[in-house]
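Please look over the sequence and the model shown below.

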Amino acid sequence: MPPPLNPDLLGLLASCRAAPADDTPRLVLADWLDEHADVSGLPSPDDARARAALLRVQVELARPTCDEGHGAALRAEERRLLMTHAESWLGSLPRRLYELSHPVFGFAQQLAAARPPQPFTFEPLTPFKPWRFTRGLLNIDLRAETVADPELGAWFASPLAAWTEEACVDVAASRELERLALPDPMRPYFGVRLAVGAAEFPTLLRPRPDPEDTDERRCRRLLRSAKFGLVRELVLFPPALDAGFLRLMAGANVASVQRLAVRASLSDTDAAFLASAALTGLSALNVSATELTAAGVRRIAHAPHFRQLVSLVAYRNELGCDGLVALVESPLAHTLNVLEVQNTGIGDRGAVALARSPLLGRLHGPGLNLSMNPITDEGARALAACEHLARFRELVLRDCMVGDAGAAALASSPNVADLSILDLWQNRIGNAGARALAASPHLDGLDVLSLRDNRITPGGAAVLRARFGDRVKL
């Protein structure tokens with residue numbers, strides 16, 4: 001049995017579980033492990049430092065990047081750490097999960113009794129497994145019928161389980177949620193991924209799924225269930241919104257929900273209901289491709305209960321400049337560290353507001369991606385002048401409206417000196433912009449300069465190739 005863990009370490013792990021979308025508690029944990037490796041309670045100081053390394057590597061891998069070389073180096077280090085340590089970090093868990101996911105029935109059961117079972121092989125790198133390390137912590141996929149397994153319960157009672165971020169069960173109906181029986185050792189780590197209004201399809205384990213109609217009565221019953229407090233991730237499909245689920249959430253106890261995704265059109269009224277729900281534990285909100293408007297995002301940005309929100313994914317919407325301005329002037333500008341607003345109609349006024357906001361100084365890199373927005377030279381100038389741009393290694397303004405003046409502003413800014421990728425694909429840059437980029441004293445560190453589908457002639461291309469060689473993509 002592994003030794004008990006340091007109480008300070010247990011507290012830091014609990015902080016990570018309380019804010020699953022926030023990288024900060026994980027990086028604090030990594031620093032603590034390095035600084036207190038000798039007193040962590042882990043088997044050895046090297047083990048503590050390996051845990052810290054995995055936290056940092058996977059946190060960086062989870063951040064979107066166009067830098068293929070850097071990503072490959074991180075993945076190689078991740079593989080090395082998992083190959084070396086995963087088996088000791090997991091103990092008996094992979095074997096038991098394998099046994100529970102390969103039940104034997106009928107004639108196959110008789111054959112199994114007559115010959116030795118196939119030996120279990122631990123393969124830490126295979127993608128097809130019910131466990132994975134995500135940003136340094138363990139996530140486990142369970143089935144409702146295996147939750148009460150005694151051997152799993154014994155593992156969750158061991159110190160190894162403290163590194164679990166979440167042991168999760170997928171649920172699609174209120175009766176499934178109400179039937180869950182949870183052993184005590186699993187409670188600190190257990191969570192439900194609840195999809196409301198999703199279509200159910202036959203599987204090998206459930207060849208004849210019993211779909212549950214999504215109506216207001218069932219939605220109300222679901223939200224009032226004592227087991228709703230187990231829900232950590234909530235996904236809402238069109239039938240749920242049609243049945244008034246967001247309206248009912250506004251008066252329900254939904255504090256346990258940490259991640260919420262909407263997979264349906266969000267009217268301004270729906271956004272108002274969402275903003276009024278007491279989602280005090282919400283860490284990540286995904287409202288991408290929901291037809292969210294500026295009025296809707298304004299409601300969400302000023303929601304009284306969203307003080308824990310650190311990740312907002314809202315691409316492919318109709319925010320426009322008004323929506324982004326409302327966001328950067330809201331309390332969320334001081335909490336968000338992930339914001340995705342590609343293809344949301346943001347123009348120069350929105351880009352200027354973002355450049356002047358403290359929000360840009362909070363966003364995690366390595367990339368700042370504002371692609372598929374009508375940002376012109378004015379917006380590019382504002383971004384180039386922003387000191388926070390220096391925090392990013394990648395700037396992606398693909399399919400915008402940046403011309404020669406915007407390219408020149410970027411080329412002359414010292415804030416681009418640390419960029420490894422500058423993506424200006426499909427803009428309005430001509431030879432003057434190409435010459436400005438080629439003459440820039442700040443772009444020596446570029447690995448990729450993408451200028452495809454611009455207005456650059458062979459003469460401008462020759463100037464760029466003379467400076468950047470095959471690093472420029474035309």
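## Contacts along the chain

In this predicted model, 79% of the contacts in the protein chain with a separation of 6 or more are between residues 24 or more positions apart. The protein chain contains 20 helices and 14 strands.

## Overall size

The C-alpha trace of the protein chain spans about 75 × 55 × 45 Å along its principal axes.

## Surface and charge

Of the 474 residues in the protein chain, 51% count as buried. The chain exposes about 21200 Å², and 53% of this area comes from carbon and sulfur atoms.

## Two residues with positive phi

Most residues other than glycine have a negative phi. N343 is not a glycine, yet its phi is positive, at about 55°. N343 sits in the loop that runs between β9 (338–340) and α15 (348–356). Is N343 buried or partly exposed? N343 has a relative accessible area of 31%, so it counts as partly exposed, since buried means under 20% and exposed means over 50%.

D399 also has a positive phi, near 60°, and is a residue other than glycine. The loop that holds D399 lies between β11 (394–396) and α18 (404–412). With a relative accessible area of 32%, D399 is partly exposed.

How values were computed: Residues numbered from 1 in each chain as written. Predicted model: local features only at pLDDT ≥ 70, side-chain atom pairs only at ≥ 80, totals over all residues. Heavy atoms only, no water. Helix = DSSP H or I, 4+ residues; strand = E, 2+ residues; numbered from the N terminus. Buried < 20%, exposed > 50% of the residue type's maximum accessible area, 1.4 Å probe, protein only. Contact = heavy atoms within 4.5 Å. Areas by Shrake-Rupley, 256 points an atom, 1.4 Å probe, with all protein chains shown as cover.
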